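Hi,

Here is the structure I promised to pass on, with some notes on what turned up in it. Have a look at it first, then read on.

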Amino acid sequence: MLSADLNTTNLAEEFAANKSLVIDNYLDPEYVEILYNWFSHTMPEHWWFASYRAPASGKGYEGTKYINHAALNKEIIEFEKEKANYSLNEGQFSYIFDRTLNDHGKVCSCIECALRDFLADDAHLSLLSTITNEKLTKTNEFFASRYTSGQFLGPHHDLNKGKVGFILNLTKDWRPEYGGLLHMLDKDYMTVEKTVLPVFNRLTIFHIPSQEGIPHLVSHVNPAVKVNRISYTGWFS
């Protein structure tokens with residue numbers, strides 16, 4: 001499932017120098033096409049949930065709520081998007097994007113469950129341990145994310161999520177002007193240190209400091225964009 005061209009020595013050196021790493025063409029071309037078709041076209045629409053933070057509803061992700069993408073919920077989701085943007089402009093931690101919830105049960109054989117099994121496999125954990133120089137032995141939360149017109153993820157730090165975070169991009173032909181860019185921030189939460197374009201089959205991994213986390217955000221997707229920004233994300237520890 002992995003690309004045959006990964007050079008772990010070079011990747012480990014780059015990660016050691018920067019505490020983050022962008023790996024292009026991470027997965028085998030045939031396998032990543034299967035993932036692309038599943039999350040973009042085949043997966044049932046009702047497996048997507050709008051994930052958003054209700055204003056003044058606790059710290060961090062404590063106020064997260066979910067709305068299933070059933071037809072009758074479209075107006076509600078648009079209303080919550082307006083509220084999330086208002087909260088962001090008021091300086092509150094805020095977000096709204098679509099995601100999967102992964103409650104398929106132990107015997108599910110869908111494409112996403114197979115992907116989760118692959119990411120959690122001992123061989124894959126060993127590879128990432130070598131690259132990051134961290135002893136990674138387990139996976140934490142995994143989910144697919146989908147950013148549509150006007151959706152975003154405000155500045156946050158991923159503290160207590162794990163030792164290493166990752167984002168696997170599964171959208172083709174994304175352009176910088178579409179928005180939806182990953183911005184890595186300085187500790188002041190104001191200075192952009194690195195911007196990553198969600199290129200198809202690109203894996204971004206980053207170290208999460210145990211004391212303060214790592215500040216980052218996903219910028220708004222341009223309201224006129226018709227393409228969905230889809231990725232798979234999660235944490236290892």
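In helix 4 (residues 111–120), the buried residues are Glu112, Cys113, Leu115, Arg116, Phe118 and Leu119. Buried here means under 20% relative accessible area, exposed means over 50%, and partly exposed lies in between, with a 1.4 Å probe and protein chains only. Helices (H or I, at least four residues) and strands (E, at least two) are DSSP runs, numbered from the N terminus.

Before going further, please note that this is a predicted model, in which local features need pLDDT of at least 70 and side-chain atom pairs count only at pLDDT 80 or more, while totals for chains, interfaces and linings use all residues. Residues are numbered from 1 along each chain as its sequence is written, and side-chain values use heavy atoms, leaving out hydrogens and water.

The cover over the buried residues of helix 4 includes helix 2 (29–42), helix 5, strand 5, strand 7 and strand 12; contact means heavy atoms within 4.5 Å.

**Strand pairing**

Strand 5 (residues 139–147) runs antiparallel to strand 4 (residues 95–99), joined by 2 bridges, and Asp98 stands opposite Arg146 of strand 5. Strand 5 is also antiparallel to strand 12 (residues 229–236), with 7 bridges between them. Tyr147 has Arg229 of strand 12 as its bridge partner. Two strands count as paired if DSSP finds at least two bridges between them.

**Cavities**

There are 2 cavities of 30 Å³ or more. On a 1 Å grid over the protein atoms alone, a cavity is a set of points where a 1.4 Å probe fits but cannot get out, and lining residues have an atom within 4 Å of a point. Points are joined across faces, edges and corners, and a volume is the space filled by probe spheres set on them.

The largest cavity has a volume of about 50 Å³. Its lining includes Leu119, which is also one of the buried residues of helix 4. Among the other lining residues are Tyr26, His124, Phe166 and Phe236. Helix 5 (122–132), strand 7 (164–169) and strand 10 (203–207) each give two or more residues to this lining.

The second largest cavity holds about 30 Å³. Arg229, the bridge partner of Tyr147, is one of its lining residues, along with Ile167, Asn169 and Thr204 among others.

**A loop residue**

Ser210 sits in the loop between strand 10 and strand 11 (216–218), and is exposed at 60% relative accessible area.

Best wishes

Notes. On a 1 Å grid over the protein atoms alone, a cavity is a set of points where a 1.4 Å probe fits but cannot get out, and a pocket is an open set with protein on both sides within 12 Å along at least five of seven lines; lining residues have an atom within 4 Å of a point.
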